[in-house]
Amino acid sequence: MSISHISKSIYQLDITPPDFLGPLTKDIKCDIAIIGGGLTGVSTALSLSEKGYNVCLFEAGSIGDGGSGRNGGQICQGWSTSFEKLSKYIDPEFHQDIWLTGIEGPPLIKDRIEKYKIDCDVQWGYVHTAIHKGHMRELDDYQRSFEQRGYSELTTIPDKSSLFNYICSDAYIGGLYDGGSGHLHPLKYLIGLAKAATKAGANIYTNSPISHITTNKHKNKLITEKGFIITAEQLVICGNVYLGSVSPKKLRRRIAPVTSSVMATEPLSKSEMEDTIPSKAAIADGNTALNYFRIDKQNRLIFGGRASYLNTDPPNVEADLKNRLKAVFPNLMHKKIIQAWSGRIGVTVNRIPDFGRVSDTAIYVQGYSGHGVAFSGVAANILSEAATGYSKRFNQLIKVPHIPFPGGPLRTPILALGMNWHKMKDYFQI
Ligand SMILES: Cc1cc2nc3c(=O)[nH]c(=O)nc-3n(C[C@H](O)[C@H](O)[C@H](O)COP(=O)(O)OP(=O)(O)OC[C@H]3O[C@@H](n4cnc5c(N)ncnc54)[C@H](O)[C@@H]3O)c2cc1C
């Protein structure tokens, strides 16, 4: 059922998540059951238990075993696709609300770090870099569209010499700085949220894979792999792309797993840091199979990239990422790589998160398409509203149509072919 990974992430080497209540060992009843101990599930547990609901969360392995404990740590505001594309499906009177929803993520992270005193190495500042003129035009459009709606954190970086104040690399010709986005240690943040949820009364069961879900308009019945039964008034499904075959069919075909990989170097010296990312910002470039990187609070370069629709951990992660690193920072090729790992990103065809209902009493979200660190907290607030009453945002977002990915035995090869086409477009700067 669950996806197993070849390597732990650097974060999982830094810190071992607590077991919380450990595995479920008896049948139980609760108001609201949540499947998935990633950023979405845990944030939902926190929001609901803060409101006084009796919440039980079930995680197949340890907290953060999915994408949430394996990502690049980049906090990026905004929707994972242009708002213009999303707004076509939203009633005009809700446009501003839904636009604001997209930028709620980073301030929510800031508030939670402060409120719960979560020590998670947060650093603000983010640079979108441009490889060619086409990317610069896209960044100009992005800036114009955000500023028209009142977002004032963006600064144009018009050329290479100004870019060197932020990032010293010949791979890029300019970029856009965003003071409202940034980066953090995702597993430290997630564990901080999980501890806060527990303190607020949430019951977190780890090593408790759910192997069967039955839902109807009155209640939900979940069965764990060990055969224990959970009866819940409401169900919130946050297993994302890791749900596998337990996922109701409707959800399964609406997302595809994209495998992305990340590596961590040994710590950089002070002068190496000044010669690479003097601004300490998180960086992402404009390609479909983008490179994303940052220097963390331990002075390690956390460098991510490559993307594949093949649903397995790829071999040669370190060699492949080092090739990409060479194009960006050839001066760092001598640094030792202390860890390299992969994980699955849930992607929808239109790159808009897929919110929906499985029954009158069961809701879900999935497919942040690479933007979940910031957006998961917001999505969790929307799910909490919907699970406990009326949510105008949920009701708008479930109207977005999500066409299924091609299915059947050819699913993976077809998806892989599609990805190669996008990579080729980047290469030829189409
Ligand atoms: C390599 C990589 C790099 C990324 N980099 C970034 C980045 O820099 N910035 C960014 O914003 N996003 C990034 N992402 C995406 C981001 O990590 C995800 O969007 C986010 O973590 C999704 O959180 P989630 O809680 O919805 O899902 P997940 O974190 O995937 O959690 C799902 C959880 O559900 C559990 N589960 C599944 N099925 C069951 C079951 N049957 N029973 C019990 N538990 C179950 C899984 O074990 C898992 O822990 C990256 C992802 C990857 C893989």
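How many helices and strands are there in the protein chain? Colour by secondary structure and you get 14 helices and 17 strands, where helices (H or I, at least four residues) and strands (E, at least two) are DSSP runs, numbered from the N terminus.

Before you click further, note that residues are numbered from 1 along each chain as its sequence is written. This is a predicted model, so local features need pLDDT of at least 70 and side-chain atom pairs count only at pLDDT 80 or more, while totals for chains, interfaces and linings use all residues.

**Whole chain**

Zoom out. Along the principal axes, the C-alpha atoms of the protein chain fill a box of roughly 60 × 50 × 50 Å. Of the 430 residues, 49% count as buried. Buried is 20 or more other C-beta atoms within 10 Å of a residue's own, exposed is 12 or fewer, and partly exposed is in between, with C-beta atoms placed from the backbone.

Contacts here are pairs of residues whose C-beta atoms, placed from the backbone, lie within 7 Å. Among contacts between residues at least 6 apart in sequence, 76% join residues at least 24 apart.

**The ligand**

Next, select the ligand and its surroundings. Its shell has 45 residues, the closest being Gly38, Gly66, Gly72, Gly343 and Gly372; to be in the shell, a residue needs its C-beta atom, placed from the backbone, within 6 Å of the ligand. Helix H2 (39-50), strand S11 (256-267), strand S15 (337-347) and helix H12 each supply at least two shell residues. The largest share, four residues, comes from H12.

**The core**

Now show the largest nonpolar core: 109 residues, with Val42, Ala45 and Leu57 having the most contacts inside it. Such a core is a set of buried Ala, Val, Leu, Ile, Met, Phe, Trp, Tyr and Cys residues joined through C-beta atoms within 7 Å. H12 turns up again, giving the largest share of this core, 10 residues.

Centre on Leu57. Leaving aside neighbours within four places in sequence, its contacts include Val42, Ala45, Ala202 and Ile204.

Then go to Asn203, in strand S7 (residues 203-205). Asn203 is buried, with 20 other C-beta atoms within 10 Å. Beyond four places in sequence, Asn203 is in contact with Leu21, Val55 and Cys56.

**Helix H4**

Select 95-102 for H4, where Trp99, Thr101 and Gly102 are buried. Look down the axis: the buried residues fall within an arc of 155°, so they line one face of the helix. That arc is of the directions from the helix axis to the C-beta atoms. Their cover includes helix H3 (83-87), helix H12 (372-388) and helix H13 (392-397).

**Two loops**

Which loop holds Lys117? Look between helix H5 (105-116) and strand S4 (123-130). Phi of Lys117 is near 50°, positive in a residue other than glycine. Lys117 is exposed, with 9 other C-beta atoms within 10 Å.

Last stop, Asn240, in the loop between strand S10 (229-237) and helix H9 (249-252). Asn240 is not a glycine either, yet has a positive phi of about 50°. Is Asn240 buried or exposed? Asn240 is buried, with 30 other C-beta atoms within 10 Å.

Technical notes
Two residues are in contact if their C-beta atoms, placed from the backbone, lie within 7 Å.
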